[in-house]
Amino acid sequence: MTQALRLGIAGLGTVGVGVVKIVRRHADLLQARTGRPIVITAVSARDAAKDRGVNLSDYVWETDPVALAKRDDIDVFVELMGGENGPAKASVEAALASGKDVVTANKALLAIHGQDLAEQAEATGRVIRFEAAVAGGIPVIKSLTEGLAGNEITRVMGVMNGTCNYILTRMQSQELGYNALFEECAQLGYLEADPNLDVGGIDAAHKLALLSSIAFGTKPNFDGIQIEGIQHISLDDIHQAADMGYRIKLLGVAQRSARGLEQRMQPCLVPSASALGQLEGGTNMVVIEGDAVDQVVLRGPGAGEGPTASAVMGDVCDLARGLQISTFGRPATSLQEATPAITGLPAPYYLRLALFDKPGALAKVAAILGDAGVSIDRMRQYGHSESTAPVLIVTHKTTRATLDVALEGFRATDVVSGEPVALRIEEV
Ligand code: NAP
Ligand code: HSE
């Protein structure tokens, strides 16, 4: 009989248990598809006594994930513990050093250490696969590295953090403020152990760093990403953006131009009627643009036991079939240093200002924009609340640097109350 592919799984939480369930439930299907049995040899987690709702009695229990990674009776080390350092990094390094391929769902580990690990893998003839690390159940890594390999990729963008999209869309539909929805997410268990990873845009930026590397042949450059979270988005912004025909999304964009590589993870406005604008709840969406294919839109569940385990198993099946693809789609030593763009490509911006109710206030604002070289496309003033009136402005395309000059002007004038809100409008 063909030799079985033997897995060692470190981490038996949401994703790890999901993987065990698929291996057990679909043993025949997996063998039929890959031509060989896929079996679990050994597992590891912190608490051996915990009831995880699956039968683990057939597997060797290792208390130390590094020891698991080094076992002679596994072919693939499946890292599902999480964390950019600590046991995840140590065990992945140990697995590669002892000749194992690695499958991981750990975006933080690869966004920070991906280049070193990819070089280590290739030096030892091994493979690292990480479909589950980006957009959960959506096969986006496979699409980029395989299905779209014939394209020069021009832009990758998307909504890659389900928790943020859940909050933003519930703000819209339920008329609830950010703080109430943050609490709701905490109750529902949607937040990472460190919630700032979600709402601060860091988790999604980890994912963007990985997509960007594959798309543009650059070393993962997490530090080069401009990151802004959703904590400051107000119900007013949600409503007023909607009134102007937009939705607010935590949008990741990676784009290469003559200015360099632009990588942004920030709240942006997208047209309400666009596929991204219509994306509701915890669902993820990744949009890939290539010179030959034009635009591909991938949509699906970005997290959760089943979807994430599905992605892990896709990688495991590829390894069972003998598919060997470089970690970031081309040899790690050929990846270039990303030259970060100093200024982003021009875009229209949405501005929200609270104007004091006095003669000439609007004229002053218009003059500040004009002096800075920012042209107004549309403007709307709402009824006064107490002494101020909200004014919304959609600009023509401008750079952020130019806009910042105008924002500085607003701060210096006596007609604008509080901090102006400025959100990029992404053309999608
Ligand atoms: P989780 O539910 O918190 O599970 C983590 C598992 O790792 C637990 O079983 C834990 O053991 C084990 N663990 C932690 N430290 C360990 C150590 N030092 N030695 C041995 N085992 C250790 O996490 P998860 O949600 O499954 O996420 C796992 C990975 O998948 C992370 O990288 C995450 O970012 C990624 N991911 C998750 C999702 C998702 O929807 N959950 C989606 C995409 C990617 P105990 O159970 O004994 O505490
Ligand atoms: N916290 C992540 C999210 C989980 O909300 O999308 C999947 O990486």
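The model is predicted, so local features need pLDDT of at least 70 and side-chain atom pairs count only at pLDDT 80 or more, while totals for chains, interfaces and linings use all residues. Residues are numbered from 1 along each chain as its sequence is written, chains are lettered from A and ligands numbered from 1 in the order in which they are written, and side-chain values use heavy atoms, with hydrogens and water left out.

**Ligand 1**
- Ligand 1 has 23 residues around it, and L12, V15, D47, R52 and G304 come nearest; a residue is near if one of its heavy atoms lies within 4 Å.
- That shell splits into ten nonpolar, eight polar and five charged residues, where Ala, Val, Leu, Ile, Met, Phe, Trp, Tyr, Cys and Pro count as nonpolar, Asp, Glu, Lys and Arg as charged, and the others, Gly among them, as polar.
- Backbone contacts to ligand 1 oxygen atoms come from G13 at 3.0 Å and from V15 at 2.9 Å; a polar contact is a pair of N or O atoms within 3.5 Å.
- K107 uses a polar side-chain atom, 3.0 Å from an oxygen atom of ligand 1.
- On its own ligand 1 exposes 890 Å², and the protein buries 78% of that, going by the Shrake-Rupley method with a 1.4 Å probe.

**Ligand 2**
- Around ligand 2 sit K107, N161, G162, T163, E192, D198, D203, K207, G302 and A303.
- By class, this shell has one nonpolar, four polar and five charged residues.
- The side chain of K207 has an N or O atom 2.8 Å from an oxygen atom of ligand 2.

- Strands β14 (residues 376-381) and β15 (residues 388-395) pair in the antiparallel sense over five bridges; pairing takes at least two DSSP bridges.
- R378 stands opposite V394 in β15.
- Six residues lie between the two strands of this hairpin, where E386 takes a positive phi near 50°.

Key: Polar contact = N/O pair within 3.5 Å; in protein donor to acceptor, adjacent residues only side chain to side chain. Helix = DSSP H or I, 4+ residues; strand = E, 2+ residues; numbered from the N terminus.
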